[in-house]
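Notebook open, model loaded. I wanted to look at some helix packing first, then a loop residue, then the confidence values.

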Amino acid sequence: MLKSFNGFRLLNKDIISSEIPLLGPTDTVAHALELMETYHLPQLPLVDREKYIGLAFEEELLNRQLTEELGQSPDHFPKIAAPSHLHCLEAVQLANDFKLNLVPFVDKEDAFIGAATVSDLLQALGKIMGVRDAGAVIVLEMEQRTFSFSEISRIIESNDAQIAQLNTYWEPQSERLIVTIKINKFEVSDIINSFQRYEYPVKYYFGEELYENELRSNYEHLMNYLNI
């Protein structure tokens with residue numbers, strides 16, 4: 001499970017889409033399939049007034065009579081939903097577990113609040129992970145017992161940088177903890193050297209090494225000199 005340390009709080013109710021159509025108990029199977037085709041969504045929420053009945057799946061509807069009303073067999077719709085007051089990472093996990101294209105949200109009384117598509121969830125993840133923020137990305141690989149947020153932070157700050165985002169992920173195949181760090185500057189050579197000096201395995205990084213910047217600067221100075 002992804003864990004975030006940037007303090008950004010985005011709840012499921014904050015990412016509700018207004019473009020997802022709802023199905024009602026008097027809608028026919030044919031109407032449901034037509035909506036799914038129009039909106040390119042293989043699942044749609046079934047709602048009776050404000051009560052969430054369950055999630056209609058295209059593959060299940062294709063095995064039923066087109067004229068059948070959805071409310072005739074409410075047990076055919078699994079009540080898959082994420083609580084609206086929880087972090088959107090819970091919805092991401094639900095979408096992954098059930099291979100969903102959208103995730104319905106309910107309140108504490110199981111009333112339907114809204115839904116979000118996988119595209120909405122990806123945009124939310126982008127905000128959480130700060131993908132639009134300028135800076136380099138460093139990925140470390142380590143044993144879980146050696147992970148120390150305070151030490152990693154100290155190493156980065158000692159090189160005049162700050163952590164903009166930090167995520168951890170347990171990789172079952174290698175039985176190692178993968179730590180992805182976004183920092184607030186692009187030059188990473190000093191930070192990479194510091195991690196290696198403290199025996200932190202650097203899996204890979206995306207940034208600029210200082211010598212590349214110096215080489216570019218020297219080249220630009222030379223070109224300016226030749227143009228004089």
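I looked up how α5 and α6 pack in this predicted model: the angle is about 140 degrees, with the axes 9 Å apart (axes are lines fitted to C-alpha atoms over the stretch in contact, angles run from 0 to 180 degrees between N-to-C directions). That makes α5 oblique to α6, as angles under 35 degrees count as roughly parallel, over 145 as roughly antiparallel, 65 to 115 as roughly perpendicular and the rest as oblique. Ile152, Ile155 and Ile156 of α5 meet Ile191, Ser194 and Phe195 of α6 (contact means heavy atoms within 4.5 Å).

Next I checked what is buried in α5, residues 149–157: Ile152, Ser153, Ile155 and Ile156 (buried is under 20% relative accessible area, exposed over 50%, partly exposed in between, with a 1.4 Å probe and protein chains only). They sit on the same side of α5 because their arc around the axis is only 160 degrees, taken from the directions from the helix axis to the C-beta atoms. Their cover includes β7, β8, β9 and α6.

Then Asn12, in the loop between β1 and α1. I count Asn12 as buried because its relative accessibility is 0%. Among the residues Asn12 touches are Pro83, His87, Cys88 and Phe105.

Last, confidence: mean pLDDT is 86, and 85% of the residues reach 70 or more (pLDDT is the predictor's confidence in each residue, from 0 to 100). Residues 1–7 fall below 50, with 22 contacts beyond near neighbours in sequence. Residues 210–215 are also below 50, with 4 such contacts.

Numbering starts from 1 along each chain as its sequence is written, and side-chain values use heavy atoms, leaving out hydrogens and water.

Notes: Predicted model: local features only at pLDDT ≥ 70, side-chain atom pairs only at ≥ 80, totals over all residues. Helix = DSSP H or I, 4+ residues; strand = E, 2+ residues; numbered from the N terminus. Lists of a residue's contacts leave out its neighbours within four places in sequence.
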